[in-house]
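My notes follow, in the order I worked.

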4 protein chains.
Amino acid sequence: MKFTPAEVDFELMVREKIGGNHFSQFVGFDITDIRPGYIEAHLVLKPEHLQQMGYVHGGVTATMADVVSGFAAFTLVKRGQGVVTADLRVSYLNPGIGSIVYAKGYVIKAGTKLHFCEAELWMINENKQRIDIAKSSSTMVVVP
Amino acid sequence: MKFTPAEVDFELMVREKIGGNHFSQFVGFDITDIRPGYIEAHLVLKPEHLQQMGYVHGGVTATMADVVSGFAAFTLVKRGQGVVTADLRVSYLNPGIGSIVYAKGYVIKAGTKLHFCEAELWMINENKQRIDIAKSSSTMVVVP
Amino acid sequence: MKFTPAEVDFELMVREKIGGNHFSQFVGFDITDIRPGYIEAHLVLKPEHLQQMGYVHGGVTATMADVVSGFAAFTLVKRGQGVVTADLRVSYLNPGIGSIVYAKGYVIKAGTKLHFCEAELWMINENKQRIDIAKSSSTMVVVP
Amino acid sequence: MKFTPAEVDFELMVREKIGGNHFSQFVGFDITDIRPGYIEAHLVLKPEHLQQMGYVHGGVTATMADVVSGFAAFTLVKRGQGVVTADLRVSYLNPGIGSIVYAKGYVIKAGTKLHFCEAELWMINENKQRIDIAKSSSTMVVVP
């Protein structure tokens, strides 16, 4: 599902909102795809994103999962509404080793009060294989 | 429970490990208390820690919860062992508004393979009241 | 906090509602304390509550955690409102071995839309010590 | 992926283990498919499976999610090993209304110490449409 021309300013609105998200900018995510109920992003890793063993820090992972899920939910609410995270669970599947973290967030059940979302985070290893680094599930609340 | 003199170098070891945690340093946490199975930290908020509504970003909250929990677990493992997060759940109780985020992480069940941890995050409002902003539970795996 | 005399019929209403909860009755819980935002229950174990290793089945644990948390939230909503579980997380701390499972559920943050709850489940071992078997956190939604 | 003839006794072993799971039998699940890392089950609803509003009880849902996930993980461990649930999260997507609950559990990351699993639960409504009632994620620990 892609935005119709009439919805193009909606994509702009989403981008604008993301632009005001200082911590996402501070960490350095790039949002690469915005569709209704779906967001993709990636992060080019720098030393400040790592923990003491040289892997991607779990906080970076959680932040990225929260951001792609929250904005995926945000694409589905009415103008004037927003979403806040009620609850986020992240499962850390494999250590994050490499140069870019890819993430996609999507709504699995949209409602008037709550949106249930999931996010997948992965990296591409030196053999060009996708390595899943995390999966999240979250409950997002619609707010005025 | 406080470290005995003989354990003072353990506290140093914990601090050293935290020092190698680039993302924690990048975000700017200060670890303020280290005891067996227990860690306290705080974060003086700057604009880069906020989301678009001016509240503490959920990623900052999740990162802080992960760090205080993971290091609380780390204080209990044997020399040469470490811990990694298997899963982390964060419940966002109230919007984070104010100048300092306080966090404590503690082990609720220590084991040889897994440590179950919790973390509490709060702020002090203008009326000097504690406002809980998040509670987390996590499963940490002991690794060699 | 105990119900005042004027609130006695509220306790009755809670008990009545619990009485209509067929699965709780089927499993066999006894609600032993009802206070605003707080519920206690216990379950006298029978063979049907166990899994193949002879421990309390994780589904019994999860059900008990859901019930004491949901009813704890229910004590705080207005007349005519109810609560449903949006999400439930259970951490299984120790195997459940013994004859009675004790549980308490409580609200850690009450709101107009959501209640955040926790539950603790424990057993008493042969040395009269409390053994924690599970801890849960949950998000409950207020419904009309 | 289907078991090869040589693995048929493995399916028997899984079924035998499930047979010893008293609470699953008490609740009344039928395991309908067993493949490596994957389990399907269903439950024909009776009045005792419902809560006070007439929907499937959240404890039934959580139990079914735990069982299909745990056995999915169990299909992947070595002979002599077992799995126990460390942590289970269930998101309740839609109220469960109808006559049969369907469930599938699968391993999303297998490891030597931990298996990360998910489960999906759904029902078929009167218009023959699938209604998702729950999604779970869980962390299972391999035990000797």
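Before starting on burial, I noted the cut-off: a residue is buried if 20 or more other C-beta atoms lie within 10 Å of its own. I also kept in mind that this is a predicted model.

Entry one, a helix. I picked helix 3 of chain A and counted its covered residues: 17 of its 17 residues are buried, so by the cut-off each has 20 or more other C-beta atoms within 10 Å. Next I checked its length. Helix 3 covers residues 58–74 of chain A, and at 1.5 Å a residue it should span 24 Å. I found its end C-alpha atoms 24 Å apart, which agrees.

Entry two, the symmetry. How is chain A superposed on chain B? I found that a rotation of 180° does it, with 0.0 Å of shift along the axis and an RMSD of 0.0 Å. The two copies are therefore related as by a two-fold rotation axis. I then looked for the residue of chain A that comes closest to this axis, and it is Arg89(A), with its C-alpha at 2.0 Å. Both copies use the same surface, as 100% of the contact residues of chain A recur in chain B.

I counted 11 residues of chain C in contact with 11 residues of chain B. On the chain C side, strand 3 (82–92), strand 4 (100–110) and strand 6 (130–143) each supply at least two residues. Which strand gives the largest share? It is strand 6 of chain C, with four residues. Sorted by class, the side of chain C that touches chain B has three nonpolar, four polar and four charged residues.

Key. Residues are numbered from 1 along each chain as its sequence is written. Chains are lettered from A and ligands numbered from 1 in the order in which they are written. This is a predicted model: local features need pLDDT of at least 70, side-chain atom pairs count only at pLDDT 80 or more; totals for chains, interfaces and linings use all residues. Copies are superposed by least squares on the C-alpha atoms of residues with pLDDT of at least 70 in both. Two residues are in contact if their C-beta atoms, placed from the backbone, lie within 7 Å. Ala, Val, Leu, Ile, Met, Phe, Trp, Tyr, Cys and Pro count as nonpolar, Asp, Glu, Lys and Arg as charged, and the others, Gly among them, as polar. The expected span of a helix is 1.5 Å times one less than its number of residues. A residue is buried if 20 or more other C-beta atoms lie within 10 Å of its own, exposed if 12 or fewer, and partly exposed in between; C-beta atoms are placed from the backbone.
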